[in-house]
Amino acid sequence: MEAQRWIRGSRTKQKADLAGVLRKSWYHLRLSVRHPSRVPTWDAIVLTAASPEQAELYEWQLNRAKRMGRISPSTVTLAVPDPLGQRIGSGAATLHAIHALAAHYHQKLGISLAPQEQQMAATDNGISEASVVHESSKDENLFLPMVSFIAKRHILLLHAGGDSKRVPWANPMGKVFLPLPYLAADDPDGPVPLLFDHILAIASCARPAFKNEGGIFIMTGDVLPCFDAFTMNLPEDTSCIITVPITLDVASNHGVVVASKSGNLEKSYNVSLVDNLLQKPSLEELSKNKAILEDGRTLLDTGIIAVRGKGWLDLVTVALAFQPMISELLKSRKEISLYEDLVAAWVPAKHEWLRQRPMGEELVNRLGKQKMFSYCAYDLLFLHFGTSSEVLDHLSGTGSELVGRRHLCSIPATNVSDIASSAVVLSSKIAPGVSIGDDSLVYDSSISSGIQIGSLSIVVGVNVPKVNDTTENPFRFMLPDRHCLWEVPLVGCTERVIVYCGLHDNPKDSLSKGGTFCGKPWRKVLFDLGIQERDLWSSSGNHEKCLWNAKIFPIHSYFEMLNLASWLMGLSELKSEQLLALWRSLRRISLEELHRSIDFSKMCTGSSIHQADLAAGIAKACINYGMLGRNLSQLCEEILQKEVLGLEICKDFLDMCPKLLEQNSKILPKSRAFQVQVDLLRACGSELTASKLEHKVWAAVADETASAVRYGFKEHLLESPSHVSASAFLDNNDDCMDQSFHPRSVKVELPVRVDFVGGWSDTPPWSLERAGSVLNMAISLEGSLPIGTAIETTKAAGVFVNDDAGNELHIEDLTSIAPPFESNDPFRLVKSALLVTGIIHDNSLISMGLQIRTWANVPRGSGLGTSSILAAAVVKGLLEIIDGDTSNENVARLVLVLEQLMGTGGGWQDQIGGLYPGIKFTTSFPGIPLRLQVIPLLASPPLVSELQQRLLVVFTGQVRLAHQVLQKVVTRYLRRDNLLVSSIKRLAELAKIGRESLMNYDIDDLGEIMLEAWRLHQELDPYCSNEFVDRLFEFADPYCCGYKLVGAGGGGFALLLAKDAKHAKELRNLLEEDSSFDVKVYDWNIFLA
């Protein structure tokens, strides 16, 4: 027990690997969006908003997230404002959001909400989308159909309403949509990642924890909880709050969960019954309630709540009957908190307290039957975005190595601007003559010449117009260090209002309690500028005088607003009296009024146009000056947000293509150039023309592959032997017939290959343009080498071929062997081998014939490289017949030519895997010719023995269709899909790491590499797996440290690397006994010679 405690205590203080968690979460998010039938996603995503106007903005963001592939098209998205724009608390907002979702389903699907649902609609009173005040909500049978329907749904609810007083520049966009460019470099042509996007990624991993039981997952919009949500163990039919151990000083300002010491569920250290809930507890309260853990910390309430099964059913029932309660709250102007009131209904120790709260009796009666549990995510990393300085801290501190500091932006040369390397510039256009200081953030802005931005400053949504078309004598403006500057469009106002404050200003701090403006105490600001308190704050009312309600921001012409901003910041050299008089004469507005008057529609339109203009500029530069290295298809999606004008821009780009091809014909791969034209045609709506042009793409790939693999090859060998007539074989002259016949026969047997990692980096056109690396192994199955050929000479002329499927062919006229071959020709492999070896072009077959028999004792669609290895066997056998060069290097090279001739389009790893014995690490180097370097790994006997004991080679019974997968992946590569490019790069890198792991006898590390490789393969194509394979791997997971399908995936064989020999034996027995899987576990050995 003491040892267990020590282990537990040691691991609890290790925080999550931010990069690893985010990459894994994003991978899962993309997979769930691209293949939701296999990887379940949320049925609905609901955001709470402060007002109908903010809800409109959130709807725009949700639609954009769908367009960008962040949310599945099948997921319902909804933004729900607080009723009548009045705050009702996060608990009431939760119930209100569930009711609004029910109203949405009622409207879209016609499911009954209640008999009186038609009485009141959202547009009449602002309560919800189609909400109803029921005369009698006690008869719950009235809306049972809707309760039953929603109780089976999986809902993600994100609380994103309210005003961001401590991050005021995020108020217009909503704090949840502030930019957070973690992993932005993985997709440089994609949109800037937002906090919302990362939250979606983390939440996507939580969805499997609900399994088939309906439920709701509630999160907050100002926190990124980085943890592996895959590991969550949620109790059934109840609620669960996610907690993390935290130091007592931090806990004193937050909510604390007291977990039972004896009520652990299923003996898990992670899940415990909740005994009590504390709010901002003192040390004495923590001690009294036994909230302090063994290591001196306590459990922090993260704001993440999951409700499943019966608990979710109860919550839905309350929500659908809650509208009368909301009306009461609106009248009384009271609030119900999610984290104090609503959750208290599930904690018996809080029932007495809750009954004294608004609607508390009702909540206890309806929800109190269920209990609440705590899931302690020991390694959870809690990134809070509560203040402007915290936002910058997360860009320059924790996770700074993940930050994309330049993303979708236009930046001038270093000799005409001064932009710090640590500055983060996102979706912005920066003119020459601009200065940006260290660790500053510039987002969604256009900055003209003459603007200086200090260090640790934030500029958002600012569009400084040009004074003239030159950079001479520009308008000068300086934003000091540690300041924020942003623009807001107002309803009924033509000018956008310029707003500013100090980085550390807290708009809630009052004049009397040390409040500041632009980093200076209010008293000093008023004294220095000659401003009176009555200029800023009304004398009526009991509101505290603070920045939030100070009418300080003037509305005027753009550059006059900037001049007044300099004056208010204490930087102006103009006479203060004149500026003070001007400032007093203008209409002025406070942050509070701004929050209520934002023209969200204008803001959305302006942002779309700005993003489209940036994308157009980047695409144009790529076509004019570059080598088409950007993902133009992705950029065009953004350009087309300008609708009519965007379409004209794409057509202009299409007109530029012929000139581009002419200028770069010697160095630009034609396959890439044609793919660009296909993408642009589709962007212009010319689908038919694009489809017709696609054949040129694939023809170009074939030509480029041929150039790389056929260099130095005798091209005439690929033509039919037309110089030898058919009669020459049938009517030989007497001399030839009299020659003595010398029979020869050869038999070639080869192993199959299993690949650990690196596949796809060996495949053209990747391998023609970039280096590739593969780690694979040659194995025998069931005690024999499964692939082979037997070739013998015959007196009778011609070639007789038969295979293990019973197919037979007698080729009397060798001149009939000529490409291209039909794709359904079962003998095209042997025919191609006869050509590439040259055997039918010399005189060998004038005086004799050949009988060729082939076999492959592995299931069809195995993924073990069967076709390529069989080709290697036939080529090797034919070369032996004619005493040719049978070295592995020559055979491998000829198989590359053979596969290109067949049009199968595969890479080089299969034949390498089968020809070379043992485990090997192979690297390819692009060029003409394509060069391969095979490095055998000298595996020690103990390593070989342990691998053979721990690795299960399992046939899944699923037939794979590699060609379909190949076509999708190649198209994405030619399109320069950055996620695909970075995935294949990582696969090649993992092959190198895997080599080191094996040489260091670290088989567990190899398992981790296999897992990451399998995730990357699914990133390349989500259809490389299926529900059966997923179920198999889920079953095997407790016994394994790694698993993957071999080859391109889609079915075939799987590798299951067990944790040890004991787990391997146990897993094998279970698989062989479980009839629901119907798989076959093969005996295998490493083929060493």
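Axes are lines fitted to C-alpha atoms, for helices over the stretch in contact, and angles run from 0 to 180 degrees between N-to-C directions. Helices (H or I, at least four residues) and strands (E, at least two) are DSSP runs, numbered from the N terminus. The model is predicted: local features need pLDDT of at least 70, side-chain atom pairs count only at pLDDT 80 or more, and totals for chains, interfaces and linings use all residues. Residues are numbered from 1 along each chain as its sequence is written, and side-chain values use heavy atoms, with hydrogens and water left out.

Two packed helices are described by the angle between their axes and the distance between the axes. Helix H10 spans residues 309–320 and helix H14 spans residues 360–367. Their axes come within 10 Å and cross at roughly 145 degrees. The crossing of H10 past H14 is right-handed (left-handed if the near helix is turned anticlockwise from the far one by less than a right angle, right-handed if clockwise). On the H10 side, the contact (heavy atoms within 4.5 Å) is made by Asp-314, Leu-315, Thr-317 and Val-318. H14 contributes Leu-363, Arg-366 and Leu-367. By class, this contact of H10 with H14 has four nonpolar, one polar and two charged residues. In this scheme Ala, Val, Leu, Ile, Met, Phe, Trp, Tyr, Cys and Pro count as nonpolar, Asp, Glu, Lys and Arg as charged, and the others, Gly among them, as polar.

The overall fold was then described. The protein has 38 helices and 41 strands. Its radius of gyration is 35 Å, close to the 31 Å that the globule rule gives for 1089 residues, so the protein is as compact as a globular protein of that length. The radius is taken over C-alpha atoms, and the rule is 2.2 Å times the number of residues to the power 0.38. Along the principal axes, the C-alpha atoms fill a box of roughly 125 × 75 × 60 Å. Of the 1089 residues, 59% are buried (under 20% relative accessible area; exposed is over 50%, partly exposed in between; 1.4 Å probe, protein chains only). Among contacts between residues at least 6 apart in sequence, 71% join residues at least 24 apart.

Cys-226 gives one case of contact across the sequence. This residue lies in strand S5 (residues 223–226). Cys-226 counts as buried, at 0% relative accessibility. Cys-226 and Leu-18 are 208 residues apart in sequence, yet their C-alpha atoms are 6.6 Å apart in space. With neighbours within four places in sequence left aside, the contacts of Cys-226 include Ala-16, Val-21, Ile-202, Asp-379 and Leu-383.

Backbone geometry was examined in loops. The peptide bond from Pro-764 to Pro-765 is cis, with omega near 5 degrees. Pro-765 is in the loop between strand S29 (752–757) and helix H28 (766–769). A cis bond also runs from Pro-819 to Pro-820, with omega near 0 degrees. Pro-820 is in the loop between strand S33 (808–811) and helix H29 (828–836).

Positive phi values were found at non-glycine residues. Phi of Lys-290 is near 55 degrees. Lys-290 sits in the loop between helix H9 (283–288) and strand S9 (298–308). Its relative accessible area is 66%, and Lys-290 is exposed. Phi of Cys-518 is near 55 degrees. Cys-518 sits in the loop between strand S24 (516–517) and strand S25 (520–521). Cys-518 counts as buried, at 5% relative accessibility.
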